[in-house]
There are 2 protein chains.
Amino acid sequence: MSKKYVYYFGSTKTDGDRSMKELLGGKGANLAEMTKINMPVPPGFTITTETCDAFNKAGSSWPLGLEEQVHEGIGILEAELGRKFGDTDNPLLVSVRSGAAVSMPGMMDTVLNLGLNEATLDGIAKRSGNARFAWDSYRRFMQMFGDVVMDIPHHDFEHALDSVKNEKGVKLDTDLDLHDLKKVVSLYRDIYRKAIGSDFPEDPWEQLKLSIDAVFSSWNNSRAIRYREINEIRGLIGTAVNVQAMVFGNMGQESGTGVCFTRDPANGENVFYGEYLMDAQGEDVVAGIRTPLSISTLEETDEKSYKGLLDLRVRLEKHYLDMQDIEFTIENGRLYILQTRTGKRTVFAALNMAVDMAEEGLIDKREAVMRVPAQSFNQLFAPVLGSESKASANLLTRGLNASPGGACGKAVFTAETAEEWNARGEEVVLCRLETSPEDIGGMAAAKGILTARGGMTSHAAVVARGMGVPCVSGADELHIDSNAGIMVCDGYTVKEGDIIAIDGFTGEVFSGEVQVRPSEIVQVLHGNLKAEDSVLYRNYEKLVGWADEFRRMDVRTNADTPRDTEMAVLFGAQGIGLCRTEHMFFEGDRIIPFRKLILVADDVKRIQEKIDSGAGDKEALTVELQKPLARYNEAIAELLPLQRNDFEGIFRALEGRPCNIRLLDPPLHEFLPQDDDGQKEMAEVMAVTAEAVALKVESLHEFNPMMGHRGCRLGLIYPEVADMQVRAIMEASVKVADEGIRVLPEIMIPLVGNVKELTIAREMAQKVVDTVLSEQGKTDDYINYQIGTMIEIPRAAITADKIAENADFFSFGTNDLTQMCCGFSRDDSGKFLGEYVRMGIYERDPFASLDIPGVGSLVKIGIDLGRKAKPGLKIGVCGEHGGDPSSIKFFDSVGMNYVSCSPYRVPVARLAAAQAVLDSE
Amino acid sequence: MSKKYVYYFGSTKTDGDRSMKELLGGKGANLAEMTKINMPVPPGFTITTETCDAFNKAGSSWPLGLEEQVHEGIGILEAELGRKFGDTDNPLLVSVRSGAAVSMPGMMDTVLNLGLNEATLDGIAKRSGNARFAWDSYRRFMQMFGDVVMDIPHHDFEHALDSVKNEKGVKLDTDLDLHDLKKVVSLYRDIYRKAIGSDFPEDPWEQLKLSIDAVFSSWNNSRAIRYREINEIRGLIGTAVNVQAMVFGNMGQESGTGVCFTRDPANGENVFYGEYLMDAQGEDVVAGIRTPLSISTLEETDEKSYKGLLDLRVRLEKHYLDMQDIEFTIENGRLYILQTRTGKRTVFAALNMAVDMAEEGLIDKREAVMRVPAQSFNQLFAPVLGSESKASANLLTRGLNASPGGACGKAVFTAETAEEWNARGEEVVLCRLETSPEDIGGMAAAKGILTARGGMTSHAAVVARGMGVPCVSGADELHIDSNAGIMVCDGYTVKEGDIIAIDGFTGEVFSGEVQVRPSEIVQVLHGNLKAEDSVLYRNYEKLVGWADEFRRMDVRTNADTPRDTEMAVLFGAQGIGLCRTEHMFFEGDRIIPFRKLILVADDVKRIQEKIDSGAGDKEALTVELQKPLARYNEAIAELLPLQRNDFEGIFRALEGRPCNIRLLDPPLHEFLPQDDDGQKEMAEVMAVTAEAVALKVESLHEFNPMMGHRGCRLGLIYPEVADMQVRAIMEASVKVADEGIRVLPEIMIPLVGNVKELTIAREMAQKVVDTVLSEQGKTDDYINYQIGTMIEIPRAAITADKIAENADFFSFGTNDLTQMCCGFSRDDSGKFLGEYVRMGIYERDPFASLDIPGVGSLVKIGIDLGRKAKPGLKIGVCGEHGGDPSSIKFFDSVGMNYVSCSPYRVPVARLAAAQAVLDSE
């Protein structure tokens with residue numbers, strides 16, 4: 001006996017149910033389910049996804065037994081309805097629709113009215129007493145069959161239809177009478193014959209076979225493949241085919257068709273929402289020729305059907321326990337339901353519905369937490385471009401949706417201008433070829449950031465997401481000339497000061513004013529809106545509260561300023577997982593003492609070494625040392641109070657939460673200007689020659705700075721900077737602790753690859769800690785501090801057992817770990833990584849979502865070795881992956897104690913961490 | 001009872017033997033051993049190294065019981081010799097000498113004649129009947145004690161001695177009479193009092209205690225620590241102290257002292273070799289005031305002692321089974337031996353002696369193989385600077401001894417000049433700030449290479465070692481201005497064309513002519529000298545022959561040209577482990593088609609993609625594609641025969657040995673000129689604008705090229721180049737196989753981090769292989785080819801099980817693996833890696849010697865996973881580490897099938913691979 005390919009649903013029998021999505025597709029499984037619970041579903045049958053797979057594997061031929069089972073299915077249908085397929089008197093007409101396990105545009109969609117031909121047409125006309133309806137159905141069938149099954153250009157048919165309408169001087173299809181429709185059919189016949197080289201098929205069985213084949217084949221058309229790639233749909237074998245008895249919405253004014261949602265899919269409100277058209281079929285509702293009516297007006301037009309729909313709405317939600325997206329048809333006043341599926345929704349709607357349904361008792365809190373997509377959760381906090389305003393704006397180009405939110409302001413092309421204009425109260429959008437750490441001030445001052453180069457993890461994208469500033473990156477059609485102060489796109493020129501807008505949700509870039517609305521939740525968090533005035537905020541609070549009940553991992557934030565820290569705490573951060581001390585050096589004039597320090601550091605070191613080695617004239621060397629040493633110490637002394645002040649502010653903002661502070665990490669050349677003008681300016685400020693600055697820049701040049709002289713490698717060679725930083729941390733700790741606020745500093749040594757680096761750096765830090773505590777007259781346990789390290793070099797993960805012996809904690813820096821484990825430079829990999837994802841070499845950009853088989857294995861090795869040497873070792877992650885839901889799921893599975901992410905992703909991480917636990921149960 | 005701190009040796013008893021080096025130091029253990037076998041050793045005792053450790057750990061105080069044991073030792077000595085320590089009549093005098101487990105200059109060395117004071121002086125004078133001798137001994141003791149124990153500047157004493165000699169108008173110490181010596185002693189007393197603030201100690205016990213303390217303390221003086229660092233001496237706990245009864249070489253013309261070697265330490269010849277002085281003590285032989293005499297003249301002076309020495313020479317070699325370095329003293333015609341140790345030797349001597357001793361039956365072949373230091377073995381093949389010529393040359397500066405050998409020639413500052421001048425028959429030394437792949441031609445044309453920047457593993461160093469060209473790198477005192485054609489060092493200017501010389505053995509750089517001699521072994525291998533005329537060559541052949549009997553691993557070579565391949569085969573290479581195809585593109589005019597290809601590759605790709613995507617006007621695009629595609633294909637077509645020809649030459653030179661060929665690896669920008677002039681020149685040759693070239697260079701710029709768009713990442717995006725290379729390999733294979741020579745090509749896909757990269761690249765290569773074989777009308781098995789990959793990215797090692805499923809072989813690229821595992825850029829790490837090694841963070845430069853705990857673990861993970869998936873998988877290593885003995889030992893231990901290294905290191909690897917096996921047994 002052959003395999004079961006066909007699953008029937010109807011009053012005779014129903015073979016499937018909702019659990020069989022993989023086999024019957026979503027549509028087929030739900031048709032069976034609804035039939036089982038006595039919903040008014042026209043009967044039919046579903047050909048399984050396995051059949052599609054067998055068909056495609058066999059070089060597009062039907063597996064043995066399929067034909068027989070299809071005939072059998074049609075047979076039951078005929079018996080149930082008392083009609084006959086191809087019968088001239090009372091013909092059975094069917095629809096053929098594709099339906100995979102997940103909703104997937106791109107495949108062949110729908111053929112309605114199949115089974116019509118010259119002969120059956122008359123039968124339908126007679127039986128319905130409506131010849132116009134029969135011919136309208138026929139011309140629709142011909143058009144759909146020609147287009148989607150036979151691949152004849154759609155516009156050929158549209159053109160013919162328009163020509164008849166024009167001839168008659170009407171606009172709507174419904175204005176065509178029987179005569180006109182016959183003319184249309186005749187034209188369609190010609191089109192078909194011309195395109196295919198044979199007549200339109202009359203045999204309903206042939207029509208059916210060709211349609212089923214077309215659905216199967218469309219699984220592998222390029223649009224479908226591309227859709228699956230983009231949406232990361234994997235592991236499916238094919239689409240199912242649904243063959244269902246037709247019901248007609250185009251039988252006249254007593255008939256109609258529509259789609260509706262059981263709740264509002266845009267905002268989640270518990271109202272019935274939808275559209276319909278009377279005397280219409282299938283795609284008329286969405287085609288846009290006639291304007292559909294709001295579902296609420298159906299109550300007047302056809303009260304019975306409307307009440308039926310309201311009843312179905314309640315029954316379906318109760319049965320499916322989620323908001324449903326329903327297709328219905330009314331045939332001569334009788335209501336049929338053709339499809340139901342879980343409705344797509346915005347994240348706003350997802351949140352509101354999840355909380356409402358939990359409170360209605362429809363679902364429990366666990367389910368509510370699982371219902372909201374963590375990946376989109378941070379969209380709740382971004383300002384948005386007003387939709388009407390956007391619709392009328394001038395779209396300039398598209399880039400990557402690098403950081404969510406809308407922004408509008410004057411275009412500026414340098415970070416300095418952004419800061420200046422912002423200081424005088426202007427709203428600006430910073431437009432750069434790409435951004436660098438020197439641009440931080442300008443980026444913070446801008447409402448939005450636009451770059452021509454760089455991907456989703458470029459400097460601009462990462463920093464913007466961290467700051468919660470909307471960003472469109474990699475808009476490569478833009479030509480930005482910051483010297484000339486212009487930006488050109490496809491012939492259109494934006495000058496400095498011209499208004500532009502960006503949509504970080506979509507990647508769109510507009511010229512001209514577009515209205516921007518702030519996020520309601522952020523308004524409440526900032527105290528600009530009362531919580532009782534915002535349903536959205538209250539639901540947000542409830543949902544993340546429930547999430548907190550379930551999650552195992554703590555969620556911390558990456559923050560470098562008191563302002564960011566406050567924001568993160570409002571978002572629920574349980575501490576700082578990464579405070580980057582170097583960002584502090586870029587703020588305002590602070591760069592000056594730091595540059596001073598860089599200029600003389602090597603002289604100090606070189607002379608000191610000579611003295612220590614005992615070579616050379618000690619006295620002369622000591623004299624030589626005085627001047628650079630004085631400048632060096634002066635610079636350190638200038639930096640100390642600045643950093644101490646930063647830490648005090650951060651500690652206060654944390655209100656007793658732990659704070660992981662990373663000592664200086666980037667290579668020194670990042671702090672020096674790379675361009676001639678900048679070097680000249682610096683030379684003036686430093687009172688040295690421009691050549692001296694240029695020489696220093698050259699001497700610090702590195703071929704591969706990512707793997708260069710940075711992190712603890714700097715701290716070990718120039719210990720004074722690290723010492724100053726530890727001193728600033730401890731002095732600030734004591735000060736804030738004296739104010740009665742608990743302070744939990746975690747001093748993190750970066751870029752350790754070898755335990756001995758940590759041992760030495762740790763000893764150095766410990767010495768400073770002891771000195772400060774003793775200077776301040778405090779006991780050793782006055783401050784509960786820890787000293788630990790970042791695991792970001794593969795060697796550190798591989799030797800984590802050794803490193804753990806000297807570390808109070810580990811924090812995985814998965815950005816750098818990804819770079820070195822995979823051998824990709826984040827700044828350069830755009831050249832091939834996009835292609836790699838398309839080729840399926842990596843499933844996703846490994847900088848956006850952790851590469852679990854590779855980098856993940858290394859993380860696991862590091863955790864296992866670390867905990868083997870020191871059970872209970874505190875381990876967290878502070879790379880960008882700490883805010884990515886699928887990475888968070890992995891981090892939960894390997895036993896991380898916390899993740900840390902940018903402030904605006906803290907709620908994402910809280911939710912994702914809870915989902916990770918619920919998912920693993 | 002307290003621990004045993006003191007080990008006695010003498011006729012009464014001998015506590016130690018030669019096996020106790022760790023405890024007694026080398027000197028102490030050998031004194032005990034020689035006493036046991038009845039050599040004429042003055043009695044004494046050794047204080048153990050553990051005592052030193054205890055002393056230093058206890059803050060410089062003697063452990064309990066030591067004083068008692070020292071007193072007991074002196075007591076036995078007194079009884080044995082019938083003298084008494086501090087006795088005025090017949091005083092016992094002793095020497096105090098340090099002696100660690102390995103020979104180690106830098107610590108306090110020797111105090112002779114200890115026990116002398118005003119009172120005992122008279123006793124000695126009376127007993128010996130030689131007052132002058134007594135006072136000479138006293139002034140020597142005062143000087144040694146003052147200098148080495150009390151740290152009074154040496155020259156203070158020398159100055160006083162000289163003043164007395166000058167006053168008398170004599171030159172030699174021996175010309176001073178009793179009166180003069182008394183004057184010297186009086187001056188010494190003053191010096192001592194002035195420096196120390198108290199009188200010279202009279203009490204022999206105080207003298208002894210202070211001397212022992214000084215030896216202990218000197219273990220941790222900065223010179224000793226530095227020496228241990230430089231020589232990588234680790235794991236020792238301290239030095240022993242030897243207290244030994246004095247015998248006197250300064251008792252007159254019947255007495256004397258000397259050092260000798262049982263064979264010639266310079267060339268290994270089996271002759272007695274040494275120097276001596278009559279009427280002399282201790283350091284007089286090496287001090288250089290009197291010229292020592294050759295040992296052979298002793299036969300005339302003192303036949304009995306000479307015969308005694310000859311007898312000892314034979315007995316010591318038989319006993320120790322190795323060449324010995326002996327100190328002896330003759331006291332009034334009686335011969336004493338004061339020390340024996342295994343003699344230091346050049347690698348030339350080590351080779352000759354090992355083979356000689358094996359043939360004499362003194363040692364077996366295994367021992368002979370172990371005796372020659374593999375690390376220095378390649379010094380046998382380098383030309384050397386003539387030593388006299390060198391001594392009289394002008395030393396300019398010192399750099400790193402990056403590649404062994406001497407070279408002399410005209411200084412040139414660009415690779416082009418090197419090639420031009422070489423072509424017209426000039427010998428040149430190429431001097432560069434640093435070298436890059438573009439310099440390859442010039443490097444090959446030069447006799448020697450000198451760079452101002454870069455470490456032992458810089459491009460210059462690596463390439464030079466590979467080519468066997470002498471190189472001094474990182475001579476950072478040099479200021480090279482290649483535009484001006486000058487090089488300045490500390491005020492001295494070398495102009496283009498001036499003669500300079502470099503010594504790659506020592507790192508020295510000379511100005512002016514220095515004579516260069518070629519290596520004898522290379523002369524024979526090249527057929528310029530007959531094997532029977534070279535003992536060295538014959539011994540070399542024997543030794544590597546024995547090594548081959550013992551080793552498990554094959555040794556291959558890294559070679560890119562037929563010439564290198566031939567050389568490597570002469571050195572015993574069993575195949576090519578890495579043939580870098582890109583080097584071929586730099587030779588001569590070949591860069592032109594390759595640059596052509598780079599210029600149009602992106603256009604071709606972009607237009608082709610547009611066509612494939614179906615967007616845009618297909619016909620217009622097809623027209624647009626024609627021109628760049630034609631140029632692209634033309635370039636490929638030009639390159640194909642060149643590469644094919646290279647491979648043919650290499651296959652023939654290999655004579656049936658396997659050949660691992662790596663497809664294109666470096667990023668494209670390495671093939672383009674980075675400077676304006678070069679770009680202009682290229683633009684002219686390519687018939688495009690200079691802007692177009694500059695734009696291309698800019699578009700290919702990478703922030704971290706090491707982790708950029710290279711390796712298989714290039715091959716997957718621009719498949720045509722890889723296809724051309726595979727075609728060249730297979731066409732050449734067929735051609736050479738047709739000639740009757742076996743060809744075993746191994747096609748290697750570089751920089752794989754993800755098995756899917758390999759899968760796709762392999763399929764591409766397989767397609768070309770199949771095409772070529774079918775075009776040539778050959779069966780699938782006509783060529784025994786393999787397709788595999790390099791493991792050089794950490795992710796590849798971590799996922800090696802997956803990768804192995806698609807690879808016929810693995811070749812570990814440990815250079816890149818080290819870079820990415822440790823997070824060091826090889827080009828930049830000089831800035832901190834030297835300091836790191838000094839700080840003990842890494843034991844050795846991880847690019848020179850594999851970092852076993854880190855990178856080694858990753859290699860082991862890769863091998864274990866690879867063989868788990870595919871038992872018996874062929875695995876080799878092709879990084880620089882393949883020529884480093886300690887790395888080779890590790891590779892043997894983890895089961896590599898072969899190592900591959902530069903041609904000149906093949907003999908090193910053969911020897912090291914044998915030693916690895918013998919060592920592990």
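Student: In which kind of crossing does helix 25 of chain B pass helix 26 of chain B?

Tutor: Helix 25 of chain B passes helix 26 of chain B in a right-handed crossing, where right-handed means that the near helix is turned clockwise from the far one by less than a right angle, and left-handed that it is turned anticlockwise. Keep in mind that this is a predicted model, in which local features need pLDDT of at least 70 and side-chain atom pairs count only at pLDDT 80 or more, while totals for chains, interfaces and linings use all residues. Residues are numbered from 1 along each chain as its sequence is written, chains are lettered from A and ligands numbered from 1 in the order in which they are written, and side-chain values use heavy atoms, with hydrogens and water left out.

Student: At what angle do helix 25 and helix 26 of chain B cross?

Tutor: Helix 25 (residues 676-686) and helix 26 (residues 690-700) of chain B cross at roughly 120°, and their axes come within 8 Å; axes are lines fitted to C-alpha atoms, for helices over the stretch in contact, and angles run from 0 to 180 degrees between N-to-C directions. That angle makes helix 25 of chain B oblique to helix 26 of chain B, since angles under 35 degrees count as roughly parallel, over 145 as roughly antiparallel, 65 to 115 as roughly perpendicular and the rest as oblique. Helices (H or I, at least four residues) and strands (E, at least two) are DSSP runs, numbered from the N terminus.

Student: Which residues of helix 25 and helix 26 of chain B meet?

Tutor: B:Gln679, B:Lys680, B:Met682 and B:Ala683 of helix 25 of chain B meet B:Ala690, B:Val693, B:Ala694 and B:Val697 of helix 26 of chain B, with contact meaning heavy atoms within 4.5 Å. By class there are six nonpolar, one polar and one charged in this contact of helix 25 with helix 26 of chain B, where Ala, Val, Leu, Ile, Met, Phe, Trp, Tyr, Cys and Pro count as nonpolar, Asp, Glu, Lys and Arg as charged, and the others, Gly among them, as polar.

Student: And how do helix 24 and helix 28 of chain B pack?

Tutor: Helix 24 (residues 618-654) and helix 28 (residues 719-738) of chain B pack at an angle of about 40°, with their axes 8 Å apart, which makes helix 24 of chain B oblique to helix 28 of chain B. Their crossing is right-handed, and the contact has twelve nonpolar, three polar and seven charged residues.

Student: What about helix 5 and helix 6 of chain B, at what angle do they pack?

Tutor: Helix 5 (residues 131-149) and helix 6 (residues 154-168) of chain B pack at about 155°, their axes 8 Å apart, and that makes helix 5 of chain B roughly antiparallel to helix 6 of chain B. The residues of this contact divide into three nonpolar, three polar and three charged.

Student: Switching to strands, what does the closed barrel in chain B look like?

Tutor: The barrel has eight strands in the order 26-27-28-29-30-31-32-33 (chain B), with parallel pairing, and two strands pair if DSSP finds at least two bridges between them. The twist averages 30° from one strand to the next. Three bridges join strand 27 (residues 576-580) of chain B to strand 28 (residues 658-662) of chain B, and B:Arg580 has B:Arg662 as its bridge partner in strand 28 of chain B.

Student: Which strands are at the edges of the open sheet in chain A?

Tutor: The open sheet has three strands in the order 18-19-20 (chain A), with antiparallel pairing, and its edge strands are strand 18 (478-481) and strand 20 (492-495) of chain A.
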